Amino acid sequence: MQYREFLRWTFTATGLWLMLSPFMLIGGQSALSNAVIGDAGLLIVSGLLALTLAGYSFKKHYLIQTYLGVSYGLILVAAPWVFGFTQPMTAWNSGVVGTVLVMAALYEMFQKMPKHRA
C-alpha cells in the first residue's frame with residue numbers, strides 16, 4: 001500500500017468515526033441537551049472536513065496532505081479546551097482521533113523523507 005493511500009484511508013476512517021461517534025457514544029436522552037448538541041455538531045463538522053481532505057488529491061504538492069493531517073490532528077486534540085466540550089466522552093474522542101491523525105501524518109512524512117546513506 002502506498003503511503004499516500006494510508007493517510008487517505010486514515011482520514012476516511014476517522015472522518016466516518018467522527019460523524020458517527022456522537023450518536024454511538026452520547027446516545028439516549030442526554031443527547032438532546034443543548035450543550036451536547038454543540039459538542040456533537042462540532043464532531044460531525046470535523047468528520048465532514050476529514051472526509052473532504054481524504055477526497056482531495058494533491059499530486060503536485062504531495063506533502064500538503066501530511067501537513068494538513070498534522071495541523072488538523074492538533075486542532076482536534078486542542079478542541080475540547082478551545083471550544084469547551086461539556087461531555088468527557090466527546091473530549092476523549094476528539095483527543096484520541098486527533099492523536100491518530102497526527103501519528104499517521106507524521107508516519108507518512110517520515111516515509112517520504114529522503115534517506116541518507118553513510
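Start by selecting the buried residues of helix H4: Thr90, Asn93, Ser94, Gly95, Val97, Gly98, Leu101, Val102, Ala104, Ala105, Glu108 and Met109. The model on screen is predicted. As a guide to reading that selection, an α-helix has 3.6 residues a turn, so residues three or four places apart point the same way.

Two packed helices are described by the angle between their axes and the distance between the axes. Colour the contact of H3 with H4 by residue class: 15 residues are nonpolar, seven are polar and two are charged.

Then select Thr66, which is part of helix H3. Its relative accessibility is 0%, so Thr66 counts as buried. Which residues does Thr66 contact, leaving aside its neighbours within four places in sequence? They are Leu7, Ala105, Glu108, Met109 and Lys112. Of these, Ala105, Glu108 and Met109 are also among the buried residues of H4.

Finally, zoom out to the whole chain. The secondary structure consists of four helices and zero strands, in the order α-α-α-α from the N terminus. Of the 118 residues, 35% count as buried. Among contacts between residues at least 6 apart in sequence, 74% join residues at least 24 apart.

How values were computed
Residues numbered from 1 in each chain as written. Predicted model: local features only at pLDDT ≥ 70, side-chain atom pairs only at ≥ 80, totals over all residues. Heavy atoms only, no water. Nonpolar A, V, L, I, M, F, W, Y, C, P; charged D, E, K, R; others polar. Buried < 20%, exposed > 50% of the residue type's maximum accessible area, 1.4 Å probe, protein only. Helix = DSSP H or I, 4+ residues; strand = E, 2+ residues; numbered from the N terminus. Contact = heavy atoms within 4.5 Å.
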